[in-house]
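My notes follow the order in which I checked things.

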Amino acid sequence: MRSRSTALIGLVAGSLLLSGCAAAMVPIIAGGALARTSMDKHDKQDAANAPATTEPAATSPATATPAAPSDAPSPVQTAIPASSPAQVALAGKLRRDQVEIVSGGLPPPSGTAGGISDGGSIADPIAAFADYADKAGTVPPIGYERHSAMLANPAALDGKTAVCSVHPAAVLVDLDPKGSTFAVPEHPAAAPGLATALARLRNDGITVGWASGATADKAGAISRALVASGLDPDGKDTLVLLRYPDDRKETRRQDFAKQYCVVAIAGQDRTDFDELYAYLKDPSAALPLEKLVGKGWFLIPQPLS
């Protein structure tokens, strides 16, 4: 009887492991090409081709999350990390009518998100950006999780953001004008109020990062312009620039987010928050993400002109 019970337990455990493996299959963007996986199809193929096993692989025990009081914010689900800097987690629930399936490199983005409001209802978006980042950058109490402004699973189009409690807080400010790449002005001038807002964040221990589609060879000129404008008077902010011609801003944002908890992003266009906006065939599919505008995502005037 004991041997039969042991065998039965082994079979049940094996079936649970198989379902877990199947559930872990998600499509990703790898090297700039969008791959779409049909879970039903692959589950059937795996079931037909998998060799019989008698000893299921060991699994790690689940880590229990402390229960939060009823008046505390609900914890966010753990983010799905990219498997490499070149693999962005655009995984999950995109349908063919939401995004264009392409092979090879991604096409030039449209830079637009037609049919979506411009987010201009915030009276002072720079002040709102600083206020939100200051609060979100606070180290959470033990048992709570801090939320990032980076999407946990962009392809799900559900507005859920990644958890980043273990990283120091940072903000990203995008320098690129809408639809183009930043060019260093001859006489750089800062957007009104932005230098003061950033000084406040730095004083509270929040790192400032500057994002652009410009390549790293422009780093010196960009840094000098930020210093001259008063936006980075000490020249100590982080520049998030492309490392080589085929690099992508989304990849660089993801790299930055591996080191910092990006609590707020300021830009001039929604593609400054996530590149998925550049490839949507139906912009209205991204409407669930609008709840992040003003709560992690901020559309501000051109920072440096």
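I count two strands as paired if DSSP finds at least two bridges between them. The model is predicted, and I read every value below with that in mind.

Entry 1, a strand pair. I looked up strand β7 (residues 207-215) and found 4 bridges joining it to β8, with the two running parallel. Within this pair I noted that W210 stands opposite L239 in β8.

Entry 2, the whole sheet. I then asked in what order the strands of the open sheet come. I found 5 strands in the order β8-β7-β6-β9-β10, with parallel pairing. I listed β8 (238-242) and β10 (297-299) as the edge strands, since each pairs on one side only.

I found helix α4 (residues 194-203) lying across β6 and β7, at about 125° to β7. Helix α6 (residues 249-259) I found across β6, β7, β8 and β9, running at about 145° to β8.

I searched for sulfur pairs within 2.5 Å and got a count of 1 disulfide. It joins C164 to C261, with S to S at 1.8 Å. I placed C164 in the loop between β5 (161-163) and β6 (169-174), and C261 in strand β9 (residues 261-267). The pair links distant parts of the chain, 97 residues apart.

Are the two cysteines buried or exposed? With the cut-off for buried at under 20%, C164 counts as buried because its relative accessibility is 5%. C261 is also buried, at 0%.

Methods
Residues are numbered from 1 along each chain as its sequence is written. This is a predicted model: local features need pLDDT of at least 70, side-chain atom pairs count only at pLDDT 80 or more; totals for chains, interfaces and linings use all residues. Side-chain values use heavy atoms; hydrogens and water are left out. Buried means under 20% relative accessible area, exposed over 50%, partly exposed in between (1.4 Å probe, protein chains only). Contact means heavy atoms within 4.5 Å. Axes are lines fitted to C-alpha atoms, for helices over the stretch in contact, and angles run from 0 to 180 degrees between N-to-C directions.
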